[in-house]
Amino acid sequence: MAIAALVLGLLCFLPAVGLVLGIVALVQIKRRGERGKGFAVAGAVLSGVGLALWTLGLATGAAGDFWEGFREGARGEGTAFALSVGQCFTTPEGSLEGFTYEVDEVPCDERHEGEVFAAFDMPGGSYPGDDAITDVADERCYAESTGYAMDTWALPEDVDVYYLTPTRASWLMGDREVTCVFGSVEQGGTLTGSVRADETTLDEDQLVYLRAAALVDTALEEMPEAAESGDDLPGYREWAGGVADALAEQSRMLREHTWPGEAARPVAGLADALDSAREEWERAASATDPDTFDEHMDEAYVLMDDEKQVTPRKALGLADTPPEYDDYDVEEDDGSYGADMEV
């Protein structure tokens, strides 16, 4: 224990542990009459000094400055800190599951494990815990993903969102950065080609179309937690009103934009279908009973069928294969849609 305390004290590593070991060693040495008192005293003193320096560093922000210096020094040295938005990388483990922060940047048209699409810093303060950091990373990264990959139809089915987060140890050194990454969900799966679809890769017509569509996608995601409209009719009615407003804005954006010749007619046809769907959502928003609400909601979903987007998307050069949905059932007898829509 005396030797361990001295080593930890000299290295200034885990000073609190070194201090405890030094004190315990002194007690045992005195009781048993063993040698090593000098080692124990030196280890305890050095660890105490180290602990004081750590405390001072945290109080004055010096630890944060040290971490920033470390992170800047690590950039360009084959670590995750060297990555920026739009870059792709491989890992020594060949997977994003539990990989270390050692990475190799590669061109996105080559095989890779991940593509960085966003990064942000957590608020300061004490370490909030693994679960709290994960909750923030999950919410922020998924929200940021649609701004980087605006054409969700173009995302491969095996692609999902991952994130690199601060650990308890790195947090003490001032690390607050969360890095958001696209990667394959398949065991040992890789990606080839960038999934980026934003202002840097799309033309004006494509951007207008996707921004208009995103309004409705966002509104649909606000569906109440209750499984059925009968369990929370006021909440469902409010949600239906929000979807109707989003459809009105989507239709307005599509009608006011000047589209290239071959896209003008199919986009106009889509806007007509959206107007009809909006009317059904408005009727659902004013329904006085769950059965009436469900009837109008089901009809609205039929009018919003993804197939109606295929022709305009093809004309605009966007992905034109509708994504497959899980837990999204279509009743062949009445054309109604299930409540759950999870891509």
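Let's start at Cys88, which counts as buried with a relative accessibility of 1%. Keep in mind that this is a predicted model, and that the cut-off for "buried" is under 20% relative accessible area. Cys88 has a partner: a disulfide joins it to Cys108, with the two sulfurs 2.0 Å apart. Cys108 comes in at 17% relative accessibility, so it counts as buried too. The angle about the S-S bond is 95 degrees, and the link of Cys88 and Cys108 is right-handed. As for what gets connected, Cys88 is in strand E1 (residues 88-90), while Cys108 is in the loop between strand E2 (104-106) and strand E3 (111-112), 20 residues apart.

How many disulfides does a search of the whole structure find? The count is two, and the other one is formed by Cys141 and Cys180, again with the sulfur atoms 2.0 Å apart. Here the torsion about the S-S bond is about -75 degrees, so this disulfide is left-handed. The bond reaches between distant parts of the chain, from Cys141 in helix H5 to Cys180 in strand E6 (residues 177-184), 39 residues apart. Cys141 is buried, at a relative accessible area of 0%, and Cys180 is buried with 0% as well. If you count bonded cysteines along the chain, the pattern reads 1-2, 3-4.

Now step back for the overall layout. The protein chain has eleven helices and seven strands. Of its 343 residues, 41% are buried. Take the contacts between residues at least 6 apart in sequence: 63% of them join residues at least 24 apart.

Next, the rings. The structure holds nine aromatic pairs. One of them is Phe117 with Tyr148, whose ring centres are 6.1 Å apart and whose planes meet at 45 degrees, so the pair is tilted. Phe117 belongs to strand E4 (residues 114-121) and Tyr148 to helix H5 (residues 130-148), so the pair ties together parts that are 31 residues apart in sequence. Both ends are tucked away: Phe117 is buried with a relative accessible area of 4%, and Tyr148 is buried with 3%.

For another geometry, look at Tyr236 and Phe293. Their ring centres are 5.6 Å apart and their planes stand at 90 degrees, so this pair is edge-to-face. The link runs between distant parts of the chain, with Tyr236 in helix H8 (residues 233-256) and Phe293 in helix H10 (residues 290-303), 57 residues apart. Tyr236 is buried, and Phe293 is too.

The charged end of Arg140 sits over the ring of Phe120, 4.0 Å from the ring centre. A second case is Arg176, whose charged end sits over the ring of Trp171, 3.9 Å from its centre.

H10 has 14 residues and reaches 20 Å from its first C-alpha to its last, close to the 20 Å expected at 1.5 Å a residue. At its start, a side-chain oxygen of Asp289 comes to within 3.2 Å of the backbone nitrogen of Asp291.

Which residues of H10 are buried? They are Phe293, His296, Met297, Asp298, Ala300, Tyr301 and Leu303.

Leaving out residues up to four places away in sequence, His296 touches Glu280, Arg283 and Ala284.

Notes:
Residues are numbered from 1 along each chain as its sequence is written. This is a predicted model: local features need pLDDT of at least 70, side-chain atom pairs count only at pLDDT 80 or more; totals for chains, interfaces and linings use all residues. Side-chain values use heavy atoms; hydrogens and water are left out. Rings of Phe, Tyr and Trp (its six-membered ring) pair if their centres lie within 6.5 Å; planes under 30 degrees apart count as stacked, over 60 as edge-to-face and the rest as tilted. Helices (H or I, at least four residues) and strands (E, at least two) are DSSP runs, numbered from the N terminus. Buried means under 20% relative accessible area, exposed over 50%, partly exposed in between (1.4 Å probe, protein chains only). A charge sits over a ring if NZ of Lys or CZ of Arg is within 6 Å of the ring centre and within 35 degrees of the ring normal. A disulfide is a pair of cysteine sulfur atoms within 2.5 Å. The expected span of a helix is 1.5 Å times one less than its number of residues. A polar contact is a pair of N or O atoms within 3.5 Å; within protein, one must be able to donate a hydrogen and the other to accept it, and residues adjacent in sequence count only if both atoms are side-chain atoms. Contact means heavy atoms within 4.5 Å.
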